[in-house]
Amino acid sequence: MASFGRITFAYQPSSLVRPDPRTRPGPDDPTRRMITIHPFKEQDWPSVWRLIEPVFRLGETYAFSPEISEAEAHKVWIEAPTAVYVAKDSENTALGTYFIKPNQPGLGSHVCNCGYIVGDSARRKGVASMMCEHSQCEAKRLGFRAMQFNLVVSTNEEAVRLWQKLGFEIVATLPGAFKHSKKGFVDAFVMYKQLET
């Protein structure tokens with residue numbers, strides 16, 4: 001068993017289960033749902049694309065072109081990474097997704113990089129935190145010794161706070177490194193965490 005905050009869950013590689021915070025438990029609530037994280041399967045792609053497309057189109061948190069095609073998005077989110085995961089509720093609705101991959105080739109491949117996206121309906125429900133916790137377990141299982149986020153947009157304050165809460169440090173500030181679709185050139189952070197092995 002692993003415990004994060006108040007919620008305790010049983011962790012098995014590639015699987016994580018936690019009560020869905022969108023539901024309130026009670027005797028008159030027959031639709032109590034659980035969130036599970038599992039490895040991506042190709043039949044998940046339509047749901048994953050529905051999650052990531054609006055985020056890419058906004059141009060506020062990811063460096064991908066807002067005009068990215070579905071095929072290009074599949075390549076960068078599904079084909080290039082080492083592994084991809086999907087968070088779903090018990091009704092099989094995709095709530096979020098993340099990928100994990102080496103941050104650098106060869107002598108830098110012991111450090112991983114991850115990207116996370118949560119659907120609008122599941123924001124501020126603990127899904128991003130759950131996926132980040134899961135990704136750290138998976139990273140260790142896959143042999144990575146640290147995790148690095150290369151371009152955390154400084155205006156994405158909610159994400160910055162969450163990553164810091166989960167143990168990531170800002171190790172560098174890149175002045176004007178991100179061209180925000182509404183705010184122009186803004187700073188970006190490199191965030192880093194050593195993983196316990």
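Begin by selecting Y98, whose bridge partner in β8 is Y116. The model is predicted, with local features needing pLDDT of at least 70 and side-chain atom pairs counting only at pLDDT 80 or more, while totals for chains, interfaces and linings use all residues. Residues are numbered from 1 along each chain as its sequence is written, and side-chain values use heavy atoms, leaving out hydrogens and water.

Next, colour strand β7, residues 94-102; helices (H or I, at least four residues) and strands (E, at least two) are DSSP runs, numbered from the N terminus. Seven of the nine residues of β7 are buried, where buried means under 20% relative accessible area, exposed over 50%, and partly exposed in between (1.4 Å probe, protein chains only). β7 runs antiparallel to β8 (residues 111-118), joined by seven bridges, and antiparallel to β6 (residues 83-88), joined by six; strands pair if DSSP finds at least two bridges between them. On the β6 side, V84 stands opposite F99, and in the turn of this hairpin N92 has a positive phi of about 70°.

Now turn to the salt bridges, each a side-chain nitrogen of Lys or Arg within 4 Å of a carboxyl oxygen of Asp or Glu, of which the structure holds six. Select K182 and E60, which meet at 3.1 Å, N to O; K182 lies in the loop between β10 and β11 and E60 in the loop between α1 and α2, so the pair ties together parts 122 residues apart in sequence.

Finish in helix α3 with R141 and E138, which are three residues apart and so separated by about one helical turn; their salt bridge is 2.9 Å, N to O, and R141 is partly exposed at 42%, whereas E138 is buried at 0%.
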